[in-house]
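Me: I have a structure here that I would like to go through with you, one question at a time. Could you take a look?

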Amino acid sequence: MLSLRTGGHALRRPMRVPLPPLTTLQPLGQLLRPGAARLIHVDRLERGADSGAEAETGEGDTGKYRAGLFIDKVFPIKMAAFDIRPYIWSRNIEAMKKKVSGLLPKQLPHQFAVCEIEPHKRDGGSIVYFTFSAPGTQDDAKRVAEGLVSAVNTELATRDKRSWYEFEPARSLPVRGVPFSEDIVRMLPSKKIKVEFVGPDLTVEQLYGEFREFGLILDIETQPTSNKDTPRWAIVHYSQLRGATRARNCAHGDVVGSTRLLLSY
């Protein structure tokens, strides 16, 4: 580890670990599929009426669930404190919600229904919470929710609508954690995401598998083992700002193994 001394104090740089090689760049939504264990977060709201063994085991009953998806590239990202582009939209929150609602398919299976639209104007996108019905276990419901998010993404791709501030169409991603909604003025989006660990540290391979889906990663910095500060942390550096905003909205609060991840710019 490189150690620099200035004024009698030793300064230690964060340890940089080389990333695993990526020989073929697959589409972001398919990079970890099939076989990836990371699934969308769902909450069970109601359980259907079943009887007998199915009711006891939870297999075969139909329940009502709630999940979320993040649609990016809907609004301009706030680049600086005096960037007025997001302000143009934020003057009318209902207009922002209406624009997001207009991007969603009119009809989807599994009794899909939008229950809340939460614009994140600073990050250039919006969280959409929806309810749906699904039979089987919690994992079955997660797979149904993933399918619904894919259907929304397909609809967005067919429309191919572009704006004056974004040259690519909007896309949707499943929310795997519990988003932290805040409007701290000085917390502007950055290509670097700080990941705090509530639990055991994650390896570089685990971090890469968790965050590569959101965009191309330039570097991952891990906290030196000699640094005893808590909570432990790592920094994921994306090549583009949109990758960081996707990760911040989709992976904050996600649980990997026994470790909960807290994300900030």
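This is a predicted model: local features need pLDDT of at least 70, side-chain atom pairs count only at pLDDT 80 or more; totals for chains, interfaces and linings use all residues.

Me: Which residue in β7 does His120 stand opposite?
Reply: Residues are numbered from 1 along each chain as its sequence is written, and side-chain values use heavy atoms, with hydrogens and water left out. Strands here are DSSP runs of E with at least two residues, and helices are runs of H or I with at least four, both numbered from the N terminus. In β7, the residue opposite His120 is Gly125.

Me: How many bridges join β6 to β7?
Reply: Strands pair if DSSP finds at least two bridges between them. Strand β6 covers residues 113-120 and strand β7 residues 125-135, and they run antiparallel. The number of bridges joining them is seven.

Me: Which residue in the hairpin of β6 and β7 takes a positive phi?
Reply: The hairpin has four residues between its strands. The phi in question is near 75 degrees, and the residue that takes it is Gly124.

Me: Which side chain reaches the backbone oxygen of Gly124?
Reply: This is a polar contact, meaning a pair of N or O atoms within 3.5 Å; within protein, one must be able to donate a hydrogen and the other to accept it, and residues adjacent in sequence count only if both atoms are side-chain atoms. The distance is 3.2 Å. The side chain that reaches this oxygen is that of Arg242.

Me: Is Arg242 buried or exposed?
Reply: Arg242 is found in helix α6. Buried means under 20% relative accessible area, exposed over 50%, and partly exposed in between, with a 1.4 Å probe and protein chains only. At 8% relative accessibility, Arg242 counts as buried.

Me: Which backbone nitrogen lies 2.9 Å from a polar atom of the side chain of Glu146?
Reply: Glu146 lies in helix α4, residues 138-159. Glu146 is buried, with a relative accessible area of 11%. The nitrogen at 2.9 Å from its side chain belongs to Ile40.

Me: Which backbone oxygen lies 3.2 Å from a polar atom of the side chain of Ser172?
Reply: Ser172 sits in strand β8, residues 171-174, and is buried at 5% relative accessible area. Contact means heavy atoms within 4.5 Å. Not counting residues up to four places away in sequence, Ser172 touches several residues, including Leu69, Phe70 and Ile71. The oxygen at 3.2 Å belongs to Val149.

Me: Why are the buried residues of α5 on the same side of the helix?
Reply: In α5, residues 204-211, the buried ones are Val204, Leu207, Tyr208, Glu210 and Phe211. They lie on the same side because they cover an arc, taken from the directions from the helix axis to the C-beta atoms, of only 165 degrees.

Me: What covers the buried residues of α5?
Reply: The cover includes strands β9 (192-198), β10 (217-222) and β11 (233-238). Also included are β12 (255-256), β13 (259-264) and helix α6 (241-250).

Me: How many disulfides does the count come to?
Reply: A disulfide is a pair of cysteine sulfur atoms within 2.5 Å. Cys115 is partly exposed at 41% relative accessibility, while Cys250 is buried at 0%. The count of disulfides comes to zero.
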